[in-house]
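The following questions and answers concern the structure shown below.

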Amino acid sequence: MEVPAEGFVGILGPNGSGKTTLLRVLAGVLRPSRGQVLLDGNDLSRTSRPLLARRMAVVPQETHLAFDYTVMEVVLMGRYPHLRAFEIEGPSDFAIAREALAATGTLALQDRPFGTLSGGEKQRVIIAAALAQISGAAAAGLLLLDEPTVALDLSYQLELAGLLLDLQRRLPIAIAISTHDLNFAASVCRTLVLLKDGEVLAAGATADVLTPALIRDLYGVEADVSRHAASGRLVVIPVRRVGAGPAR
Amino acid sequence: MTPAPLGGRLLKTLPWFAVLAIAAIVGGPLIGSTHISLRRAFDPAIPFADNVDAQIFFVARLPRTLAGALVGSMLACAGVVFQGLLRNPLATPFTLGVSAGAALGAMLAITFGWSFAWIGIPAAPAASFIGSLAAVAVVYALARARHGGMSTNVLLLAGVTMNAFFSALILFVQYFADFAQTYRILRWLMGDLDVSSYQPLVTALPLVVISFAVFAWLARPLNLLSLGTDNAATHGLDVTRAQRAAFISASLATGAAVSVGGPVGFIGIIVPHLVRLMVGSDHRVVLPASALFGAAFLIGCDVVARTAISPVELPVGVITALIGGPFFLWLLVRKS
Amino acid sequence: MKLLTYLVAAVALVTGPSVASRSLISGVDGAAAMAGQPPAPPNRIISLIPPMTETLFAVGAGPQVIAVGSFDNYPPEVEKLQRVGALLDPDVERILSLRPDLVVVYESQTDLRAQLQRAHIPMYVYRHAGLADITTTIRDVGTRVGRAAAATQLAQNIEQRIAAVRKRVAGLPRPSTLVVFEREPLTLRGIYASGGIGFINDMVTAAGGANAFADVKREAVQATTELVLARRPAVIIELRATVAPGEDTRREVATWNALSTLPAVQQGRVYLFSDQRMSIAGPRVGEVVEILGRTIHPEAFAPGH
C-alpha cells in the first residue's frame, strides 16, 4: 500500500483483520516479518527512531496517563523527538505547541490537567500533540489515527471529520486512519485500503474501492452504496448479512 | 498557574528544595541527645583525640546526617523511577524484590557470622548489596525471558514472586538464628543510619554518582513512558533501553541505600507523592526535587528518631512508618 | 461487646498462670506435693537452658541428664547427649518421647509448659535474673534433684569467690565500664551494651566497675556512637560467646580507635573476650567475676597485694 505525500488514506477491515497491526508497522513500532516499510524511499528499520518520530505521529485509540500532566505538558512531549539529549524546550517549541492547540481548538485548555478533559477534548489534545510532533519537518509529515471515532458520538464525529479535513487543507501533512466505520472513512478519505485476514484485498480511490462487491467480500454483508445528493459523499447502507434471510 | 517554560520552573522551585536539603544537612549534626559546644567542636587548637565535642559532631552526627541524605535521596529517586517504569504511583523501591534480596543477604551474614575481614569491610552491608544484586539479576532475567523486550507486567509479576520467594528464604534462615541474632536482624530491618564512619558513604559514592547521572538522563524518557510503551515508542523513545536503564539504575540505587542504612520504608512513596503535589508531574523537576526533599525528609525523621525518647533511640524506620500510615489515609480521603 | 472484652481480659489477668509470680520455684510434681511427701529425685532430666545444664552437672546430677538444649556445650559431657531444641524451638515430641521426669524450661515457654502440664511431667521453671539469683537458683535446683549438699557447697564457693573479689576492689575508684555483648564485626554499628539491670551489670559492679549505662533500667541498651562518646567509658569489655572463624581479635579491638576521645581507647583498656562462659549466668560466674575484677582493677590482683 502507499500513502501519498498529502494523501488521506483509510485502512478498513473487520475486527481481527490486522488494522492496528498495520498501523503499528507503519509507525515503525513493529517490524514487518516480510517486506519493507519505506518512508521517502528509506527503510524504516534503518532510520533512527527520533528521526521517524519527527516525521510520523500516532494518535492512539485511547490515552491513559499514569500521572497528572497538564495539556501543555502533553503537547510539549510531542516536541521531545526534536530535542537533543539534555536540551529543554525553547520558545519556538512553545510557539509550535500553541499553534497546534489552536489548530485543534483546544488552546483554552492548555493549563488543565489532562485527566479532567472529556473524551473528545482529550482526542483533540492528542491530535495537537501529534501535530506538534511532526511540525517543522522538511518533508510532509504523517498523522496516523487508530480507530478515531470509536469513543465519539455523532456530533464529535462530525467535528473530527471537519477538523481532519481542515488540517489537511492548511498543513502539509498526510493522514492515515484505521477504522471500521465505513461512512466516516468515506466522508474524509480520498483513498482506501481494504484489509482482509492480514492481506490487502483492494486499494485505490474511495469511489473505486467502496463497492458492494468488495464490501460483500470484506464483511460478508450485502450493502447499498449510494452518493448523498447534498454533500456528494458516498454512503454505505448495510442491508443484510450474506446467507441470512430477507432484509428487515 | 500558567505553565512557565521548564527552565523557569526549575529555577523557581529547585532552589527552595536545595535550601531545605542544605538546612537539614547543616542542622542535623547540631541536634542530638547530648549537649555539645560548637565552639569547642570547631576549635582547631584542641587535638582531635581530646575533643569530645568534635568527635560527637564529626564521628557520630555528621556521618549519620550524610547517610540520611544519601539514603533519603536515593530511595526517593528510586521510588520516582520505579513508579515511572511501572506506570503506577503506588510502586515503591521495594516492589520488585530488591529489598527482600538485600534483607536475605544481611540475614545470612548475621546468622552465619560471615566475616569479610580479609577485605577489611563489614560483612552485613556487603552481603546485603550482593543480595540485592542477586534479586535484580533474577527479576531482570525473568522479565527479559519474553521475546527480549521488557514487559512491565512480567516485571511486576517477577518482582512480586521474588519478594515472596525471598521472604520464605528469610523465614527459613530465621530458623537457624539464635535469639541475639534474631534481635539484630529485626533491628536491621527497621533501618539504622548510625554509620559512625565515613567509610560506608565513600564506598557507596561511585554508585550514587552513576545512579544520579542515569536518573538525569531518564527524566524525559519517564515522561514519555507514562503515555504507555507504544506511545512512547512513536515519540521516538527506545523503550526497551529506557526501561532497562530505569530498572537497573533504580535497583542499584536501592541496593546501595539499603546496604548503608537498611530497608527504610515509605521514603520511596511518600516523597514522590508530596513532591508531585508541589511541582507537578514533569520528571525533569520531580527527580531533582525528590532527591533534595528525600534527603531532608529522612534527616528529619532520623533527628526525631534519636531525640524523641533519648537517651534510647527509636529505629528510623519506625518514624517513617508512623508518618507513612496517616499519610496514606490522608491520600485516600483526599482523592475521594 | 467492648465491656465483655474488658471483663474477659480482667478475669484472665487475675487468674492467669503463676507466670507473673517473681518466685523462681514453680511447676512441682503435683501428685507427690498433694500427698505431702517430698518427691523422689528425678533421674531422667532434660534441660533446655545452658546455665541450668551446667548447674546440673556441677552438682553431680550429670548422669541423670538424658537430653539437653541446642546451645548447651558445657561441660564436654553434653556433647554425647541428645538435643531437643531451645528457647524458640523446643522439640516437644522428642521431649515427650524421652519420658523425662523433670524438664527445665524457660518461664516464657508457655506452650511447652502447657503441654508438659497436660502430660503430667514435672517442670522446673527458670527465670533469668540478677547475680544474686544465680546462687539461689543453684541451691533450689540442687534440692529439686536431690543434691542439696553439693548444691549448697557449690553456691557457697561461688559466693565466696565473688565476695573475695568485692573485698579486693573495695574502696577503689570505680572506672566507668562499658560492657558490650553484641556488635557488628569490624564496625561500630549495632552496639548492644549491658544496661543497669541484669547479671552482667551485677558482675561488673561486683568486680569494681561502674556500668556506663547504669542509669538505663533495661538489660540491653542499643548504644549509638554519640551515646558512647558522651559516656566516656574508661574500660570497654566486649563479650563474644564464640570465636568467629577468621576473626582477628586485634583488628576488632582496633575498631574502637575511631573514638579516640574515649579514655578506654586512649589508655588501651579495650578488652575482647571470645569466651563462652563470660555471658552465661551459671556456676562459673565466680570465675567470670574474678576475670572481670582482674581486667578492671589489675592493680588489686597483682602478686603481693
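Q: Which residues have the most contacts inside the largest nonpolar core, and how many residues does that core have?
A: The model is a predicted one. Val75(A), Leu144(A) and Val81(B) are the residues with the most contacts inside the largest nonpolar core. The number of residues in that core is 162.

Q: Which residues does Val81(B) touch, not counting residues up to four places away in sequence?
A: Val81(B) is one of the residues with the most contacts inside the largest nonpolar core. With residues up to four places away in sequence left out, its partners are Phe215(B), Leu218(B), Leu222(B), Ala246(B), Ser249(B) and Ala250(B).

Q: How many residues are in the second, separate core?
A: Among the members of this second core are Val104(C), Met123(C), Leu188(C) and Ile291(C). The core is separate, and its residues number 89.

Q: Which pair of chains has the most contacts?
A: Chain A and chain C are joined by no contact, and their closest C-alpha atoms are 41 Å apart. Two pairs of chains touch, and of these the one with the most contacts is chains B and C.

Q: Which element gives the largest share of the side of chain B that touches chain A?
A: On this side, 26 residues of chain B are in contact with 27 residues of chain A. Two or more residues each come from helix 1 (6-27), helix 8 (199-225) and helix 9 (229-234) of chain B. The largest share, four residues, is given by helix 9 of chain B.

Q: How many charged residues does the side of chain B that touches chain A have?
A: Sorted by class, this side of chain B has nine nonpolar and eleven polar residues. The charged residues number six.

Q: Is helix 3 of chain C mostly covered or uncovered?
A: Helix 3 of chain C spans residues 50-58, and nine of its nine residues are buried. The buried residues include Met52(C), Leu56(C) and Phe57(C), as well as Glu54(C). They pack against several elements of chain C, among them strand 4 (102-106), helix 6 (131-144) and helix 7 (148-169). Helix 3 of chain C is thus mostly covered.

Q: Which residue in strand 5 of chain A does Val59(A) stand opposite?
A: Strand 4 (residues 56-59) of chain A is covered on both faces, with Met56(A) and Val58(A) buried on one side and Ala57(A) and Val59(A) on the other. This strand pairs with strand 5 (residues 141-146) of chain A in the parallel sense, over four bridges. In strand 5 of chain A, the residue opposite Val59(A) is Leu145(A).

Note on methods:
Residues numbered from 1 in each chain as written. Chains lettered and ligands numbered in written order. Predicted model: local features only at pLDDT ≥ 70, side-chain atom pairs only at ≥ 80, totals over all residues. Contact = placed C-beta atoms within 7 Å. Nonpolar A, V, L, I, M, F, W, Y, C, P; charged D, E, K, R; others polar. Buried ≥ 20, exposed ≤ 12 C-beta atoms within 10 Å, placed from the backbone. Core = buried A, V, L, I, M, F, W, Y, C linked by C-beta atoms within 7 Å. Pairing = 2+ DSSP bridges.
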